[in-house]
Amino acid sequence: MERTSDVIVVGAGIVGSVLAYLLAHSGRSVRMLDRGLSGGEASGARAGLLTTVAEGSGKGPYLDLSVQGLAEMRTIIQQLEEETGIDCWLECHPLYRIATNEQERDMMFALYQERRQLGGQEEWLEPEQVRREQPLLSPRVTGAMRSPQEYHVTPGLLLKAVLQAARQRGVLVQENTAVTAFLTEGQRVIGVAAGMEHYYAEHVILANGAWSPELLKLVGIDLPVTPLRGQMLVVSLAGFALPCLINTARGYLVPKKDGRIVVGATQEHAGFAKEITVAGITHLLKVLSAVPALVQARIHDTFVGLRPMSSDGMPLIGPLPGWEGLHVATGHAQHGILLSGITGRMMTAYLNGEDPGELWRHFQVQRVLTCKAETEV
Ligand SMILES: Cc1cc2nc3c(=O)[nH]c(=O)nc-3n(C[C@H](O)[C@H](O)[C@H](O)COP(=O)(O)OP(=O)(O)OC[C@H]3O[C@@H](n4cnc5c(N)ncnc54)[C@H](O)[C@@H]3O)c2cc1C
């Protein structure tokens with residue numbers, strides 16, 4: 001078996017898969033290894049929001065990255081749909097970011113003003129206007145910020161499309177293959193080992209989410225990325241269609257094309273315990289109470305995933321200082337679906353010797369890194 005490629009991508013979540021696809025699209029030969037099934041971790045437990053306002057995407061470079069990320073994802077999804085014939089359920093709805101007490105109202109109103117100053121299209125609605133526009137919302141609403149159109153996608157379909165398109169472009173996808181070590185020559189990484197198997201490449205990119213620090217310890221790098229647990233519910237109610245996206249201070253409701261509604265998500269520091277908990281479900285039921293009719297809804301499914309969260313909450317995209325040929329694309333926390341396209345685009349440009357764009361420098365790894373002097377492999 002030929003075990004040499006231009007690039008090895010470690011991790012077949014959404015970040016690794018989109019990156020592998022874009023690299024292959026640019027003409028590079030790519031091998032992608034995952035220790036489980038592709039999409040089997042955080043990328044398999046997600047709502048698919050592609051919005052720059054839900055869950056507060058901050059401002060400055062992070063907001064700029066989110067805005068570029070949305071444009072990139074819309075282009076990539078269209079391209080994937082054309083190449084594979086798979087409909088990813090990219091949809092657009094108005095988003096109501098609702099407050100249910102005075103404190104939340106003050107926070108929401110401040111956010112609304114900030115968004116307007118940044119040129120956003122959001123509107124502020126008083127409680128009676130909210131009730132008129134969306135009578136299905138709880139009468140406890142004390143105000144809302146309405147965003148006229150926000151996008152979302154169905155990540156399971158997106159992953160299916162991106163993996164198929166990647167394979168069509170020659171990406172070798174190897175599941176159930178855990179990377180256990182790096183192959184090195186001096187300070188250059190020349191490949192990876194997966195048990196007894198050795199794979200060689202000019203570049204190795206770690207896109208293995210919350211598990212990136214585990215591998216980087218092997219080369220003396222202490223990457224500050226930790227798991228941020230998210231739990232989610234999927235519900236539906238016969239004869240009921242949610243006409244909008246809803247965001248509360250605790251979470252969100254996202255309507256899907258098949259009538260199901262995704263209720264997400266908790267944000268918990270619980271280590272690597274990938275568990276659905278009573279506290280998590282209780283939290284999600286409070287989110288769901290934004291639409292009182294849904295108390296009668298049927299629960300279809302529950303999901304839990306571990307988001308990769310960096311120490312400053314922003315993604316880490318680029319080369320790892322001290323090593324040639326070793327790169328990382330992780331730390332996307334709550335926005336890995338939204339940011340997978342722009343991340344893949346930047347990394348692809350960088351590896352191909354092109355300009356990754358001005359924004360890229362804000363997401364370099366150096367800013368959070370403490371490198372040990374000695375390295376062992
Ligand atoms: C409940 C929930 C809701 C979310 N909702 C949204 C949303 O609406 N919009 C949005 O943009 N984002 C959302 N996110 C965040 C998003 O899902 C993550 O940011 C994203 O999935 C991270 O993708 P990833 O590819 O970096 O990591 P992962 O999907 O975790 O993939 C990492 C992969 O690496 C593999 N791996 C680990 N170690 C090794 C190894 N040693 N060798 C080989 N493979 C290895 C794992 O098996 C895994 O498949 C949500 C997350 C959760 C949990």
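These legends describe close-up views of a predicted model.

**View 1. Helix α1 packs against helix α5.** The pair is α1, residues 14-25, and α5, residues 155-168. Their axes lie 9 Å apart, at an angle of about 35°. The crossing is left-handed. On the α1 side, the contact is made by Ile14, Ser17, Val18 and Tyr21. On the α5 side, Leu158, Leu159, Val162, Leu163, Ala165 and Ala166 take part. By class, nine of the contact residues are nonpolar and one is polar. None is charged.

**View 2. Helix α1, from end to end.** The helix has twelve residues. From first C-alpha to last, α1 reaches 16 Å. That is close to the 16 Å expected at 1.5 Å a residue. The helix is mostly covered, with eleven of its twelve residues buried. The buried set runs through Ile14, Val15, Gly16, Ser17, Val18, Leu19, Ala20, Tyr21, Leu22, Leu23 and Ala24. Among them are Ile14, Ser17, Val18 and Tyr21, which also make the α1 side of the contact with α5. In an α-helix there are 3.6 residues a turn, so residues three or four places apart point the same way. After α1 comes Gly27. The phi of Gly27 is positive, near 105°.

**View 3. Cysteines without a disulfide.** The disulfide count is zero. Cys88 is in no disulfide. The cysteine sulfur nearest to that of Cys88 belongs to Cys92, 16 Å away. Cys88 is buried, with a relative accessible area of 0%.

**View 4. Leu339 in helix α8.** Leu339 is found in α8, which spans residues 336-351. Is Leu339 buried or exposed? At 0% relative accessibility, Leu339 counts as buried. Leaving aside neighbours within four places in sequence, Leu339 is in contact with Tyr62, Leu65, Ser66, Pro315 and His332. The view also relates Leu339 to Pro155. These two are 184 residues apart in sequence. In space, their C-alpha atoms are 13 Å apart.

**View 5. Leu63 in helix α2.** Helix α2 covers residues 61-84 and holds Leu63. The relative accessibility of Leu63 is 8%, so Leu63 counts as buried. Leu63 and Thr52 are eleven residues apart in sequence. Their C-alpha atoms are 7.0 Å apart in space.

**View 6. Glu197 in strand β9.** Strand β9 takes in residues 197-206, and Glu197 lies in it. Glu197 is partly exposed, with a relative accessible area of 32%. Which residues does Glu197 touch, not counting residues up to four places away in sequence? Glu197 touches Arg3 and Val192. Glu197 and Gly11 are 186 residues apart in sequence. From C-alpha to C-alpha, Glu197 and Gly11 are 17 Å apart in space.

**View 7. A cis peptide bond at Gly264 and Ala265.** The bond that joins Gly264 and Ala265 is cis. Its omega is about -25°. Ala265 is placed in the loop between β14 (261-264) and α7 (278-288).

**View 8. Asn176 has a positive phi.** Where is Asn176 placed? Asn176 is in the loop between β6 (172-174) and β7 (181-185). Phi of Asn176 is near 50°, a positive value in a residue other than glycine. Asn176 counts as exposed, because its relative accessibility is 58%.

**View 9. Ala333 has a positive phi.** Ala333 lies in the loop between β17 (326-330) and α8. Phi of Ala333 is near 45°, a positive value in a residue other than glycine. The relative accessibility of Ala333 is 7%, so Ala333 counts as buried. Asn176, by contrast, counts as exposed.

Terms used. Residues numbered from 1 in each chain as written. Predicted model: local features only at pLDDT ≥ 70, side-chain atom pairs only at ≥ 80, totals over all residues. Heavy atoms only, no water. Axes fitted to C-alpha atoms, helices over the stretch in contact; angles between N-to-C directions. Helix = DSSP H or I, 4+ residues; strand = E, 2+ residues; numbered from the N terminus. Left-handed = near helix turned anticlockwise from the far one by under 90°. Contact = heavy atoms within 4.5 Å. Nonpolar A, V, L, I, M, F, W, Y, C, P; charged D, E, K, R; others polar. Expected span 1.5 Å × (residues − 1). Buried < 20%, exposed > 50% of the residue type's maximum accessible area, 1.4 Å probe, protein only. Disulfide = S-S within 2.5 Å.
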